[in-house]
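Student: Please guide me through this model by question and answer.

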Amino acid sequence: LNPKYTFDSFIIGPFNELPHAAALAVVKNPGLVYNPLFIYGGVGLGKTHLLQSVGNEIVKNFSDKKVKYISSEKFTSEVITAIREQGVKKNSIETFKEKYRCVDVLIIDDVQFLSGKEKTQEEFFHIFNILYENNKQIIISSDRPPKSIMYLAERLRSRFEGGMTADISMPDIETRIAILKAKAQEKEVSFSEEIYQYIAESIKTNIRELEGALNRI
């Protein structure tokens, strides 16, 4: 987890109120409400920030809980490694599964990259079930809703849709300006209202690009 991603630095607007409220509810009662929590939205809209904020807050408030944040690409890589080592270490797949069984909060980012990877989906399905049945919290992000992820096993899609699904849409101009001001404050610089307005009007769909423009200035 990256400590810079916190709820305090997450700017709330009409475009992300629902996922933000759901994330806060999960922080208070991990595994007991909104499980799984599935957050989806376009690139650069703050999904990773929100997911990592949940992880950091749970680590802070529940010192006994084991939190694991991983990208779906890294998860796939671990599955491939376990399969490859099975010939040398006969229990490599079991060791891989065991590592996840003891997790209290599993956060997996960009789950759309599991599309078409049948073996990885199968392993994730088993891990998902074990955690879910033991009231362990599962938080997932994607760039699209579960029904729009191509080549995703129906049983996984059904699991994803069985909890809370919330989308992050594009921020309005007021929120974009608020984000720019917050980023500027973090960097201990300030600009005129005209500059904030100009950047916010020029970049409408990606918060990461907003920050990039601010960095260049």
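Student: Which helix supplies the largest share of the lining of the largest pocket?

Tutor: This is a predicted model, in which local features need pLDDT of at least 70 and side-chain atom pairs 80 or more, while totals for chains, interfaces and linings use all residues. Residues are numbered from 1 along each chain as its sequence is written, and side-chain values use heavy atoms, without hydrogens or water. At least two lining residues come from each of α2 (47–61), α7 (173–186) and α9 (207–216) (helices are DSSP runs of H or I with at least four residues, numbered from the N terminus). The largest share, four residues, belongs to α7.

Student: Within what arc do the buried residues of α6 fall, seen down its axis?

Tutor: In α6 (residues 154–161), the buried residues are Leu-156, Arg-157 and Phe-160, where buried means under 20% relative accessible area, exposed over 50% and partly exposed in between, with a 1.4 Å probe on protein chains only. These residues line one face of the helix, because their directions fall within an arc of 100 degrees.

Student: Is Arg-159 buried, partly exposed or exposed?

Tutor: Arg-159 is found in helix α6. Leaving aside residues up to four places away in sequence, Arg-159 touches Pro-36, Phe-125, Phe-128 and Asn-129 (contact means heavy atoms within 4.5 Å). With a relative accessible area of 28%, Arg-159 is partly exposed.

Student: What distance separates the C-alpha atoms of Arg-159 and Phe-128?

Tutor: Phe-128 is one of the residues that Arg-159 touches. The two lie 31 residues apart along the chain, and their C-alpha atoms are separated by 8.5 Å.

Conventions
The arc is that of the directions from the helix axis to the C-beta atoms.
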